[in-house]
Amino acid sequence: MKRILNFALLVFAIAAVLSLVGCRRSGRVIYRNSSKSGVDRNVDGKSTTARAVEIRVTMAHNQTAMDNPYVFGAEAFKEKLEQVSGGGAEAVLYHGTMTEDEGELLKRLQSGEANIVVISPGLVTALGVEEVDIFSLEYLFDSFAHWGSTLDGAFGTELSGIVSDKTNGQIKILGYWSAGVRDYYGKKPIYSPGDLAGMTIRIGNSPVQRQFWSSCGATPVSVGWGELFNALNEGKVDSAENDYTNFSLKNHHNARNGKYVCETEHDFTTRLMLVDGKFYDSLSSEQQSWLSQAAKYATQVERQKTFEQASSSKAKVVSDGAVVVENKDIDTDSFRRIARPIQDEFARKTGMERFIKMVRESK
């Protein structure tokens, strides 16, 4: 036993020495200069070339919960950007710490305080791009697969061009992120549009969303995302709508008026990953390529995380005591009959008939 112990101590000592040697050989003191390629000096005095930071990219979104898919997407963007640039680019991330207000995020993008933001499409309509409000139309998509194949095709490419053209290149779309599929949750269960009569419901700022919920008999109201739990808990609003992951991370289902979750599945939700056009145009073609590669990877990661979390978030909501009415028990055909003429009217007013056709034909 003593021999075994002595042998183990010897092995440990040798490993410790080798570890120190290895650390010494791999250690680096980095010296940066103002040129695009810096010089790294090893502690043994030998020099190797390394790319100095050329650009720093500030990215912000409005979600503070670290389990939110936005966080995973943003971290993926940083990882890929710094990888493909070989250290030529760095990303600074704000996980809801710049502001939780999406309207404010858009202002930060326009002022240059943020280079990239993730926000709701409806906010871009205020810039004169009413076409993007197509994403606010309820019951536009039937499934995640339908949503994804549409946005990754000609629909998404052409809409990106419209946003860039109508903002004079000041804003560009880098990616289409998902915020899950939205459902109703409130103080009582609903099974058909008639059950919403006389109820207030917190929704986004889109006119077509207001038109839809008003047509269902509800009264749409505006409440900030950060204030919604208190509004539901104090009875200031009767109901709201969002996806399982986002509302469960904020514990809305534990609020007094958030107990009943009804899977209306009215909105397979899109979020826009936007870049400041002035910043983007200031980059070299190589640097723009870094951003594009990182954005594509981040979009894939964010979407996948959203899909993965959908079922686990629902399980959490149920375990916390919420009452769930599943989609099969809801009269979605009645909701769709209200939604379709609103879609058609929107298409006529905005010249988006071809886009609506692309969506319907891709089912």
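This is a predicted model: local features need pLDDT of at least 70, side-chain atom pairs count only at pLDDT 80 or more; totals for chains, interfaces and linings use all residues.
Residue numbers start from 1 along each chain as its sequence is written. Local features need pLDDT of at least 70 and side-chain atom pairs count only at pLDDT 80 or more, while totals for chains, interfaces and linings use all residues, and side-chain values use heavy atoms, with hydrogens and water left out.

**Exercise 1. Get the overall picture: how many helices and strands are there, and what share of the residues is buried?**

Step 1. Count the elements: the protein has twelve helices and twelve strands. These are DSSP runs (helices H or I, at least four residues; strands E, at least two), numbered from the N terminus.

Step 2. Look at burial. Of the 363 residues, 49% count as buried (under 20% relative accessible area, with a 1.4 Å probe and protein chains only).

Step 3. Check the contacts (heavy atoms within 4.5 Å). Among those with a separation of 6 or more, 70% come from residues 24 or more positions apart.

**Exercise 2. Work out how helix H6 sits in the fold: which residues of H6 are buried, and what do they pack against?**

Step 1. Take H6, residues 207–215, and pick out its buried residues: Val208, Gln209, Phe212 and Trp213. They span an arc of only 130° around the axis, so they lie on the same side of H6; the arc is taken from the directions from the helix axis to the C-beta atoms.

Step 2. Find the partners. The buried residues pack against strands S8 (200–202), S9 (219–221), S10 (239–242) and S11 (260–276), plus helix H11 (332–350).

Step 3. Zoom in on H11. Val208, Gln211, Phe212 and Ser215 of H6 meet Phe335, Ile338, Ala339, Ile342, Glu345 and Phe346 of H11. The two axes (lines fitted to C-alpha atoms over the stretch in contact, with angles from 0 to 180 degrees between N-to-C directions) come within 10 Å and cross at roughly 145°.

Step 4. Look at the ends. At the start of H6, a side-chain oxygen of Ser206 comes to within 3.3 Å of the backbone nitrogen of Val208. After H6 comes Gly217, with a positive phi near 105°.

Key
Buried means under 20% relative accessible area, exposed over 50%, partly exposed in between (1.4 Å probe, protein chains only). A polar contact is a pair of N or O atoms within 3.5 Å; within protein, one must be able to donate a hydrogen and the other to accept it, and residues adjacent in sequence count only if both atoms are side-chain atoms.
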